[in-house]
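Please look at the sequence and the model before reading on.

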Amino acid sequence: MKMTFRWYGKDDPISLDYIRQIPGMYGVVTAVYDVAPGNVWPMESIQNLKKDIEDHGLTMEVIESVPVHEDIKLGRGRCQEYIDNYKENIRRLAACGVKCICYNFMPVFDWTRSRLDQPLEDGSNALVYYKEDVDQMDPTKMTLPGWDASYSPEEMEALIASYKELGEEGLWKNLEHFIREIMPVAKECDVYMGIHPDDPPWEIFGIPRIITNEANIDRFLDLYDDPHHGLTLCSGSLGCTSANDIPKLVAKYSAMNRICFAHVRNVKILGDGSFEESAHLSKCGSLDIYEIMKAYHENGFDGYVRPDHGRMIWGEKGKPGYGLYDRALGATYINGIWEALDKASGKE
Ligand code: DNO
C-alpha cells in the first residue's frame, strides 16, 4: 500500500512541509481547483502542482477529483464536449505521471451532512449526519463544502427536478455511456479510474444515487471489464449503513484487483439512518478498521490509501473533515496495522 494525504493546493491551511513530516507519507492526493467542472485543466497548472509537490519530497500520482459535469450525468446539453474534455484531462494527467483518478457520479451533491462541527463527548468535533435534520434541509437554500456552490436557488431547483425525472435507470444509462467513452483512453494511458461511492449510500432529497451497495458495485464493474475500471473504496461512505459489510467488500474487490484507491474512515452508526464520523481507531466507531486493513493485506493490495475525514482535535480550526492532526493520527494507525500485518505474515 502507498500512504497518501489529501491536499487542497496552495490554499490549504496545511502545508506540504507539514504533510511530509507525517511518518511514511508517499504522496499527496490533489486537484486543480480553479477550473470549472467540465473544462480542460491547463497543462501548466498540472505541472506547477506536480513540481511543488515533488520539491517537497512527495509524489502526485493520485488526483481527487476530476469532477464529472452535471450535463454528463444528465446526458444532455454539452455532454459530449465535456466527455471529450474529460478524456483530455486523463491524457494530460497521465503525461504528468498521474496513475489514479478518483471521481464520483453523485447527482449534484457530493457528501452530505447535517452539521460539520458537532461537539463530541471528548471535546473534539466532527461531521455528523442526523437524519431528522437532513430531512428538514432545503438544498436550494444552502451549500456544503463538497458541493458546487455556483447554482442559484432556481437553477438548483431545476437541476433537482431533472434528476427526479431521469430516475435511477436513466442515471445508469448515462454512467454507462460515460464509462464506455472514457475507459479506452484511461486504459491506453494506464490510468486507474476509481469511482467514489455515494456518501451517504442512499437517495437524498428525492434524487437517485446508485453507487451504494454490493449489487450496484457489481453492476458498475460489469460496465467495462478491465482493472483500470475500478473503485475508490471509501469505508466511511459505504459503511454508514450496516447493510454493507466493508471487510467483505474489500476482500472481494481487492481479490478481483478492482480497488485502486482506499479511503479509510470510521463512522459510528446511530441506528435511525443517522451517523457520526469518529476517530479511525476501531473501537471509536462501528467499523473494524483492523479487519478492513487485513482484508486489503490478505488480498495483496498495493494501491493508494489515504486516511479519510478526521475530527477537529487539539483546538485546530480548518477545512471540515480535513484538518491535520486527526488525519495524521489516522495515517499512523493504518501504518501501524499494516506493519503488524506484514510482520505477522512474514512479509518483513
Ligand atoms: C469526501 C471525499 C469526496 C470525494 C469525491 C470524489 O471528503 O471523499 O468528496 O472526494 O466524492 O469525487
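Between which strand and which helix is His309 found? His309 lies in the loop that links strand E12 (304-307) to helix H11 (325-344); helices (H or I, at least four residues) and strands (E, at least two) are DSSP runs numbered from the N terminus. This is a predicted model, in which local features need pLDDT of at least 70 and side-chain atom pairs count only at pLDDT 80 or more, while totals for chains, interfaces and linings use all residues. Residues are numbered from 1 along each chain as its sequence is written, and side-chain values use heavy atoms, with hydrogens and water left out.

Ser15 is also a loop residue, located between strand E1 (2-6) and helix H1 (16-19). The table gives the accessibility of each residue; buried means under 20% relative accessible area, exposed over 50%, and partly exposed in between (1.4 Å probe, protein chains only).

| Residue | Relative accessible area | Class |
|---|---|---|
| His309 | 2% | buried |
| Ser15 | 27% | partly exposed |

His309 touches several residues (heavy atoms within 4.5 Å), among them Trp111, Arg265, His280 and Tyr322. The C-alpha atoms of Ser15 and His56 are separated by 9.9 Å, although these residues are 41 residues apart along the chain.

The axes of helix H7 (residues 214-221) and helix H9 (residues 246-255), which are lines fitted to C-alpha atoms over the stretch in contact, with angles from 0 to 180 degrees between N-to-C directions, come within 12 Å and cross at roughly 15 degrees. H7 is therefore roughly parallel to H9 (angles under 35 degrees). On the H7 side, the contact is made by Glu214, Ile217, Asp218 and Leu221; H9 contributes Lys248, Leu249, Lys252 and Tyr253.

How values were computed
Angles under 35 degrees count as roughly parallel, over 145 as roughly antiparallel, 65 to 115 as roughly perpendicular and the rest as oblique. Lists of a residue's contacts leave out its neighbours within four places in sequence.
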